[in-house]
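Have the sequence and the model open side by side. We will walk through the fold one piece at a time.

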Amino acid sequence: MKFSPRLVAALVAAPFILAVSGCVVAPPPPPPHHPAYLHALSDLRDARWNLEHRAGDAAVSTQEDVAIVETDRAINDAKTAAMEDGKNVAQHPPEDAHIDRRGRLHHAAELLRKARKDVAEGESNPQSVDLRNRVIGHIDLAIQATDHAIHDVEQGR
């Protein structure tokens, strides 16, 4: 069988044309993601601000300090998880918790609960499950300390 020079040239050029146009090279799969990490980070940052800027009594400052430390740990682990999922941690969406404004401790507690709910959604990246669970653990400790501080304030301690 004899091939014309034009057909040979077309057969030789076809793979090159397809490769250049991107038809042969498949795009990389999208990174697994946890859709709520960025919202949780916004809520955690706002909760931390409220914990730190509450005019306060020395009696509850110990619990507030515990809540701040655990919130910081949750923020750091959530940032790591978000980066592993290919998220831009410099992006700061507005808080999405709809809360009442009874005071900074109550505000912080509601934000922490909202962040926990966001982070506790199903994890699509099996390698990030332990990290997500650590974030939840830190948030739980921050919630406990904040609730304890609220109780102390309400009891006049």
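Is Glu64 buried or exposed? Glu64 is buried, because its relative accessible area is 7% and buried means under 20%. Keep that residue in view. We return to its surroundings below.

First, a word on confidence. This is a predicted model. The mean pLDDT of the chain is 77, and 64% of the residues reach at least 70. Where pLDDT is low, the predicted coordinates should not be read in detail.

Now the overall plan. The chain has five helices and zero strands. Read from the N terminus, the order of elements is α-α-α-α-α. Of the 157 residues in the chain, 37% are buried. Take the contacts between residues at least 6 apart in sequence: 79% of them join residues at least 24 apart.

Start with helices H2 and H4. H2 covers residues 37-52 and H4 covers residues 104-119. Their axes lie 8 Å apart, at an angle of about 160 degrees. That angle makes H2 roughly antiparallel to H4, because angles over 145 degrees count as roughly antiparallel. The crossing of H2 and H4 is left-handed.

Which residues of H2 and H4 meet? From H2, the contact includes Tyr37, Ala40, Leu44, Ala47, Trp49 and Leu51. H2 also brings His39, Asp43, Asp46 and Asn50. On the H4 side, Leu105, Ala108, Leu111, Leu112, Ala115 and Val119 take part. So do Arg104, His107, Lys114 and Asp118 of H4. By class, the contact of H2 with H4 has 12 nonpolar, three polar and five charged residues.

Turn next to the other partner of this walk, helix H5, residues 129-154. H4 packs with H5 at an angle of about 160 degrees, with the axes 9 Å apart. H4 and H5 are therefore roughly antiparallel to each other. The crossing of H4 and H5 is left-handed. Sorted by class, the residues of the contact of H4 with H5 are 14 nonpolar, two polar and six charged.

Back to Glu64. Glu64 sits in helix H3, residues 58-84. Which residues does Glu64 touch, leaving aside those up to four places away in sequence? The answer is Leu51, Arg54, Leu105 and Ala149. Two of these names have come up already: Leu51 belongs to H2 and Leu105 to H4, and both are part of the contact of those helices.

His106 lies in helix H4. His106 counts as buried because its relative accessible area is 18%, and the cut-off is under 20%. Beyond residues up to four places away in sequence, His106 touches Ile150 and Glu154.

Finish in a loop. Where is Ser124 found? Ser124 is in the loop between H4 and H5. Ser124 counts as partly exposed, because its relative accessibility is 42%. Now compare sequence with space. Ser124 and Asp85 are 39 residues apart along the chain. Their C-alpha atoms are separated by 9.3 Å.

Terms used: Residues are numbered from 1 along each chain as its sequence is written. This is a predicted model: local features need pLDDT of at least 70, side-chain atom pairs count only at pLDDT 80 or more; totals for chains, interfaces and linings use all residues. Side-chain values use heavy atoms; hydrogens and water are left out. Axes are lines fitted to C-alpha atoms, for helices over the stretch in contact, and angles run from 0 to 180 degrees between N-to-C directions. Helices (H or I, at least four residues) and strands (E, at least two) are DSSP runs, numbered from the N terminus. Angles under 35 degrees count as roughly parallel, over 145 as roughly antiparallel, 65 to 115 as roughly perpendicular and the rest as oblique. A crossing is left-handed if the near helix is turned anticlockwise from the far one by less than a right angle, and right-handed if clockwise. Contact means heavy atoms within 4.5 Å. Ala, Val, Leu, Ile, Met, Phe, Trp, Tyr, Cys and Pro count as nonpolar, Asp, Glu, Lys and Arg as charged, and the others, Gly among them, as polar. pLDDT is the predictor's confidence in each residue, from 0 to 100. Buried means under 20% relative accessible area, exposed over 50%, partly exposed in between (1.4 Å probe, protein chains only).
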